[in-house]
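Colleague: I would like to learn how to read a few features of this model. Could we go through them one at a time?

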Amino acid sequence: MRFRKRQRLVVIGLATLLLGGAAALILVALEDTIAFFISPSEVAAGELEPGRNFRVGGLVVDGSIERLEDGTVRFALTDTAHDVTVVYKGILPDLFREGQGIVAQGTLDNGMVFQASEILAKHDENYMPKEVADALKQAGYWQHAGEGYEGETE
Amino acid sequence: MIVELGHFALVVALGLAIVQGTLPLFGAQRNDLTLMRLGNTTALAQFGCITISFAALTWAYVTSDFSVINVYQNSHDAKPMIYKISGVWGNHEGSLVLWVWILAICGAAVAWWGRNLPLPFKARALAIQGLIGVAFLLFLLLTSNPFERLDPAPLEGRGLNPILQDPGLAFHPPMLYLGYVGLSVTFAFAMAALIEGRVDASWARWVRPWTLAAWVALTAGIALGSWWAYYELGWGGWWFWDPVENASFMPWLAATALLHSAIVVEKRDTLKAWTILLAIVAFSLSLLGTFLVRSGVLTSVHAFAVDPDRGTFILYMLILSIGGALALFAWRAPMMQPGGAFAPVSREGGLLLNNLLLATATATVLLGTLYPLAHEVLGGGKISVGPPFYNATFVPLMLPLLIAVPIGAMLAWKRGSVLSAVGRLKIAMAATLATAILTYTLLDAATLGAAFGFALAAWLVFGALDDLRAKTGLLQMPLPRVWQRLKGLPASAFAVSIAHSGLGIMIVGMISTSVLQTERILAMQPGETTRIGSYDVHLASIGDVEGPNWMAVRAVFETSQNGRHVADIVSEKRFYPVEGQSTTQVGLHTSFWRDLYFVLGDQTPDGAWAVRLYINPMAAWLWWGVGIMSFGGLVSLFDRRLRVGAPTTATAHRGGKAEPEAPVAAPGTPGAPGAKAGA
């Protein structure tokens, strides 16, 4: 019986140690690695800290896409109230185009230009990234994206 | 007409599922043979009905019957036949039909091959499966009917999202669902055992083939999805810690833990409550995965249905099933007899450590996946949790696990010694050390971390081989003896070595692609030549081509190394006019040591093309490693001792208690089924 108790104690000790360690890892990681979602209006308000990791979402402004010779792309992202300039070097996702809702991940530089390390667009163009839709709603502008069949049958 | 038949068959299946979910349960309680046998009949009949239903929907897709809303929305006449068929499950409603069909297949498989199971146990397990079927069929019929008609019928459909028109993705959902739903069998067996209040070695032996089969399918399904993301998205990576990816990865982690803890139940009759809990958790995570993907609560790059009603339905289903299962567990688990004791350092202890680490890792993934949701609901604003989080939490938890694998496999049952286990791994240790030194000195780009990673992978591969060497006595005994012992080894011994070495090979691919990857982004004029690594890449031609339902810009990169032609690598940007979308076709050239991975971008104003060139060293190892790991699972599945349906030869065992350590010489005693039936 003593053997069984000791066995249980060891297991519980090990589990506690593991869970504690994991909890510590998670807390530290959450502090450092999460990216807050911001809107172009929040960038314009100028209260955001440059260098921190953010995600900014909005619609790609018509006619704003500039392709530079070294493969860099520069475009404006809008929530219809304010615009933010985004610079990205790389291949854009297939669904990237003017008027499309997209999310850019990266950091703000000191000139409040968003240096994107990643551009995300939805696989399915009928749906807008949820954050973008919410940002547009907040800016007081909402256009239903795509025509679902609900509209056609009802 | 055929479509209505499909709809009708689905309704009949619901009726059958209700019968299957209730009467056999009462029958088992009252020891009524007729009611218990009803479980078999209804499971087989339900399988028949849903097969008709699935076939009817497939028929509607194949014949492009656009009077069915689902077909109109997701198909098009000009689509190649394979994508008309895979289009059946390339959408919300159709993928649910696939889900319930696979569930029915599993139910029928238990009814058909589970003849050695004691009748009351089988009746209860089938009843639980029936209840899961009721929930999903209700969900399907009430919120996501795939057979709804559209009047008047449009002339042409809206087509399938072109990114889904790909062979890899045609087979990814069926495999993944086979894994998800396969875990429902494990779950049903756990519930049945809880109702009976009895878990023993024979239970572990019944449940193991189902867990293994589900695990193999889940592994293959995740790998197919990851492989697809690798060559289709053109982002150069193979795993993005996307919520939908996590949704499939969490059940996999839990199933992997379950696979290992079930061994302890089987061999040593202990860790029983924990194993039952894992079976519940694994299937609950499958359900949660379905909820996350189907409800669209999480922002993901590939969640395709955003419908709050459906989300609410699945949420209630989730609460009811997981809550019910956990309540039953809390009530019955304390009544289970404690099993054999073991020292902390023993095979049991090693497997327990494996379980603790896997469970904690699952918890971190779960937390990372749900944290953004909780953060937003609690008013903390929108956030995203990305790869850095998982690199900082999941990876450190995996390291001790991987280091422990070869040692754990060498420990003795009950009471072992790390020193003696390590002592028997001298060859593996030497090989590991050699790998570490070689990679560190030979590779320019290798850091200490990378060398450590490769050494870890080598430790797994050589440890697994050394384990097999020790079991056969190679290098210690004369060769004829070794051959004798090799022939006598059970398939599961090979399975362990195969699966663990596959894991190591996979890790080689993971580390090399993430640490040693070379990337170049540039704009190239047609006819221009550039250099990446030791390769000269010449943009030989770029022009328009046309496919069955797409138009594309196609670039041909003539690639050579030291003046020797390697390959003409073709990258495309396709445009699908029906769907109004474009996709990327990565130019991929795979060899043993590296993948050349070329992506074509947009044209710049001066006529050049943006291109992204990658060299992914040893990328193929990743897929081969996963394949080998799954193959290990398959080998274990065909171990005669574990096959529930194996012909029973040793009838003398009837009525006897199953030995914890079944001798190899007595096949066909899968848990001595007579033991329970007679009791």
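Colleague: At what angle do the axes of helix α12 and helix α13 of chain B cross?

Modeller: Two packed helices are described by the angle between their axes and the distance between the axes. In this predicted model, the axes of α12 (residues 347-377) and α13 (residues 387-410) of chain B cross at roughly 165° and come within 10 Å. Angles over 145 degrees count as roughly antiparallel, and α12(B) and α13(B) are therefore roughly antiparallel to each other. Their crossing is left-handed.

Colleague: Which residues make the contact between α12(B) and α13(B)?

Modeller: On α12(B) they include Arg347(B), Gly350(B), Leu353(B), Leu357(B), Ala361(B) and Gly368(B). Among those that α13(B) provides are Phe389(B), Thr393(B), Leu397(B), Pro400(B), Ala404(B) and Gly408(B). By type, the residues of this contact divide into 13 nonpolar, seven polar and one charged.

Colleague: Now the interface. How many residues of chain A are in contact with chain B?

Modeller: The size of an interface is often given as the accessible area lost when the parts come together. Here I can give residue counts: 42 residues of chain A are in contact with 49 residues of chain B. On the chain A side, α1 (2-33), β1 (35-38) and α3 (130-138) each supply at least two residues. α1(A) gives the most, with 16 residues. The chain A side divides into 24 nonpolar, six polar and 12 charged residues.

Colleague: What is the order of elements in chain A, from the N terminus on?

Modeller: The order is α-β-α-β-β-β-β-β-β-α-α, which comprises four helices and seven strands. Chain A has 154 residues, and 34% of them are buried. For contacts in chain A between residues at least 6 apart in sequence, 53% join residues at least 24 apart.

Colleague: And which domains is chain B divided into?

Modeller: Domain 1 covers 424-516 + 622-641, and domain 2 covers 518-617. Taken over C-alpha atoms, the centres of these two domains of chain B are separated by 36 Å.

Colleague: Let us end with a single residue. Why does Arg520(B) count as partly exposed?

Modeller: A residue is buried with 20 or more C-beta neighbours within 10 Å and exposed with 12 or fewer. Arg520(B) counts as partly exposed because it has 16 C-beta neighbours inside 10 Å. Arg520(B) is in strand β2 (residues 518-524) of chain B. Leaving out residues up to four places away in sequence, Arg520(B) touches Ile532(B) and Leu613(B).

Colleague: How far apart are Arg520(B) and Val611(B), in sequence and in space?

Modeller: They are 91 residues apart in sequence and 8.2 Å apart in space, C-alpha to C-alpha.

How values were computed: Residues are numbered from 1 along each chain as its sequence is written. Chains are lettered from A and ligands numbered from 1 in the order in which they are written. This is a predicted model: local features need pLDDT of at least 70, side-chain atom pairs count only at pLDDT 80 or more; totals for chains, interfaces and linings use all residues. Axes are lines fitted to C-alpha atoms, for helices over the stretch in contact, and angles run from 0 to 180 degrees between N-to-C directions. Angles under 35 degrees count as roughly parallel, over 145 as roughly antiparallel, 65 to 115 as roughly perpendicular and the rest as oblique. A crossing is left-handed if the near helix is turned anticlockwise from the far one by less than a right angle, and right-handed if clockwise. Two residues are in contact if their C-beta atoms, placed from the backbone, lie within 7 Å. Ala, Val, Leu, Ile, Met, Phe, Trp, Tyr, Cys and Pro count as nonpolar, Asp, Glu, Lys and Arg as charged, and the others, Gly among them, as polar. Domain bounds come from an automatic or database domain assignment.
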